[in-house]
Amino acid sequence: QALTPEGAEGQDEGALMKVDATTGNTIWTFETKQGGFWDMRPIVGEDRVFAGTHEGAGAFFAVDRETGEEIWRNRQGYTFAADHSEEHVYLNTSAELMAISKETGQTVWLTDMPGGSGFGGVEYHDGYLYHPRGGALVVVDAEDGTIVHEEPSPSGYFWTVHAGAGQIFAQSSGHLIAYEPYQP
């Protein structure tokens, strides 16, 4: 959720909620004054829920899945999109991509992205991140944050990306393209 209290524009508050799917009753609510949870879908792990804000002071959180209590927060960047691997959560902060340890919340690496702000997604697949960045699909080594490839768009901007069925799917202004996963 994201909420701007009346008369307090720029001081966004937000919340994550766990709801019983059968009854609709709220099981727990985690509130933040670090900004609202807007664009990203929360990542639900075995014992934690991960989500980040991109308004206010900005932060990324790990919350206990059963109790809704905060486990850690990383205050290094705003979150426009996120994905994860077994060990890390990867964030698009608009200006950078970053990796955060799922266990500790510490920043593992931070990579400046070319071409100004980018609000598109980030997808993890088999050791690489795929990130639509304006006129290119940027491929990043998930281990160290190194940009390893930039695939130009066949038409306008790349808007979104998804990894599935052993392929990388990217939507540009005029096409939906299926790519083979990056191979060094």
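Of the 184 residues in this chain, 46% count as buried, meaning under 20% relative accessible area with a 1.4 Å probe and protein chains only; exposed is over 50%, and partly exposed lies in between. This is a predicted model, where local features need pLDDT of at least 70, side-chain atom pairs count only at pLDDT 80 or more, and totals for chains, interfaces and linings use all residues. Numbering starts from 1 along each chain as its sequence is written, and side-chain values use heavy atoms, with hydrogens and water left out.

Now the fold. There are zero helices and 18 strands. Those are DSSP runs, numbered from the N terminus: helices are H or I with at least four residues, strands are E with at least two.

Four strands make an open sheet, ordered β8-β9-β10-β11, with antiparallel pairing. Strands pair if DSSP finds at least two bridges between them. At the edges sit β8 (81-84) and β11 (107-112), each pairing on one side only.

Look at β8 and β9. β9 covers residues 88-92, and four bridges join β8 to this antiparallel partner. Histidine 84 stands opposite valine 89 in β9.

Next, one residue. Leucine 91 is also in strand β9. Is leucine 91 buried or exposed? Leucine 91 is buried, at a relative accessible area of 1%. What does leucine 91 touch, leaving out residues up to four places away in sequence? The list is Phe60, Thr79, Ala81, Ala82, Glu96, Leu97, Met98 and Ile100. Contact here means heavy atoms within 4.5 Å.

One last distance. Leucine 91 and glutamate 123 are 32 residues apart along the chain, and their C-alpha atoms are separated by 9.6 Å.
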